[in-house]
Amino acid sequence: MTDSERLLQNIHNENPGMSTHFFKDALVDAGKSSYDLLIDEILPNTMTTILDLGCGDGYLLEKVSEVFDVSLIGIDMSSSEIKIACERHIKKHIPFLCGRAQDIPLEDSSVDYVMSHMSIMLMTSLPKVFAEVHRILKNKGKLSFVIPGKVEKGSTYAHFVELLRKHLNDEGVKLKKRFGDLNVRTVEEMEFLLSHSGDFFDISIESYILHLNAFPEILCEKLFYSYDALLLSPYSKKTLRSELIEYFYTKKTDLGITPCSFQINKLTGTCCK
Ligand SMILES: C[S@@+](CC[C@H](N)C(=O)[O-])C[C@H]1O[C@@H](n2cnc3c(N)ncnc32)[C@H](O)[C@@H]1O
């Protein structure tokens, strides 16, 4: 395990469920959540085994189990996330395994669909991860993942990122790209890697705008679940919180909601053996 993976693991061990808090009420234009975009890829009559890679606290698998009667498996490298996932699914007997995507503890050609929500961009050695996904997928099995895309300049979310960076800078925290594969950052680079491996075909990318819109205080609370905000001192957190809430109040609609959004991308491909 690399130093950056250890850091990520510590963050999730100390803050399990943080990603679900951030994403679960956010919607794309069609009124779906970003988790629903992955559920849309399920073919109930042909898929019998589905893996959620980087499953966090098991929220996505809970949603799937409410609709489909298929075998589900969750894998994550954070033991605290896995513990919550097991508690969430105690009656459903879903296996939640603590493990790394670079070394998936499953048999060759044993899975019909590998889905992954907001996790792939955090994984080191993506060629190794995709090779592992190819190994465990059946021929014509499907891979689909959702990752963040661009942040629009001048948007509420961009303002949050700017203010957060200013506070981190004032505290002397050096921000570099800490997590993930530093050679494969964008969805286009991931598509290139997958298509040139010859292991996947029918690769498509869909882009959506994800809206986090909420009352100012709630929006602020959600944004504080981002990794960089956790690096702030209590003093800077308090100052940033009041600056954000003041700004969010200037942006709120007549209903009292502050719009806040960013782009997300879904990549889907089919395994070829
Ligand atoms: C942003 S969270 C998303 C969690 C969940 N999929 C969700 O969206 O609610 C990223 C998750 O990926 C996991 N993760 C990151 N790199 C991993 C790796 N190489 N192997 C397994 N899990 C990993 C982290 O532990 C974390 O739980």
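## Helices α6 and α8

Let's start with a pair of helices: α6 and α8 pack at an angle of about 50°, and their axes are 11 Å apart. (Helices are DSSP runs of H or I with at least four residues, strands are runs of E with at least two, and both are numbered from the N terminus. Axes are lines fitted to C-alpha atoms, for helices over the stretch in contact, and angles between N-to-C directions run from 0 to 180 degrees.) That angle makes α6 and α8 oblique to each other. (Under 35 degrees counts as roughly parallel, over 145 as roughly antiparallel, 65 to 115 as roughly perpendicular, and the rest as oblique.) The crossing of α6 and α8 is right-handed, a term used when the near helix is turned clockwise from the far one by less than a right angle, with anticlockwise giving left-handed.

Who touches whom? On the α6 side there are Leu126, Pro127 and Phe130, which meet Met190, Leu193, Leu194 and Ser197 of α8. (Contact means that the C-beta atoms of two residues, placed from the backbone, lie within 7 Å.) Sorted by class, the contact of α6 with α8 has 6 nonpolar residues, 1 polar and no charged. (Ala, Val, Leu, Ile, Met, Phe, Trp, Tyr, Cys and Pro count as nonpolar, Asp, Glu, Lys and Arg as charged, and the others, Gly among them, as polar.)

## About the model

This is a predicted model, in which local features need pLDDT of at least 70 and side-chain atom pairs count only at pLDDT 80 or more, while totals for chains, interfaces and linings use all residues. Residue numbers run from 1 along each chain as its sequence is written.

## What α6 buries

Helix α6 spans residues 126-136, and its buried residues are Leu126, Val129, Phe130, Val133, His134 and Ile136. (Buried means 20 or more other C-beta atoms within 10 Å of the residue's own, exposed means 12 or fewer, and partly exposed is in between, with C-beta atoms placed from the backbone.) The cover over these buried residues includes β5 (111-117), β6 (137-148), α8 (187-197) and β8 (261-271).

## Two partners for α10

Helix α10 (residues 234-251) packs with α9 (residues 216-223) at about 135°, with axes 9 Å apart. That makes α9 oblique to α10, and their crossing is right-handed. Pro216, Glu217, Leu219 and Cys220 of α9 make the contact with Arg241, Leu244, Ile245, Phe248 and Tyr249 of α10. Of the residues in this contact, 7 are nonpolar, none polar and 2 charged.

Helix α7 (residues 156-170) also packs with α10, here at about 155° with the axes 11 Å apart. The two helices α7 and α10 are therefore roughly antiparallel, and this crossing is right-handed. From α7 come Thr156, His159, Phe160, Leu163, Leu164 and His167, and from α10 come Ser236, Thr239, Leu240, Glu243, Leu244, Tyr247 and Lys251. This contact is made up of 6 nonpolar, 5 polar and 2 charged residues.

## Around the ligand

How many residues surround the ligand? There are 21, and the closest are Ser19, Gly54, Gly56, Ala101 and Ser119. (A residue is near a molecule if its C-beta atom, placed from the backbone, lies within 6 Å of it.) The shell has 9 nonpolar, 9 polar and 3 charged residues.

Helices α1 (3-14) and α2 (18-23) each supply at least two residues of this shell. The one that gives the most is α2, with 3 residues.

## A few residues to look up

Most residues other than glycine have a negative phi. Met118 has a positive one, near 55°. You'll find Met118 in the loop between β5 and α6, and it counts as partly exposed because it has 19 C-beta neighbours inside 10 Å. Asp202 has a positive phi too, near 50°. Asp202 is in strand β7 (residues 200-211) and counts as exposed, with 12 C-beta neighbours inside 10 Å.

Is Val28 buried or exposed? Val28, in strand β1, is buried, with 20 other C-beta atoms within 10 Å. Beyond its neighbours within four places in sequence, Val28 is in contact with Ser34, Leu37, Tyr208, Ile209 and Leu210. Gly31 sits in the loop between β1 (27-28) and α3 (34-39) and counts as exposed because it has 8 C-beta neighbours inside 10 Å.
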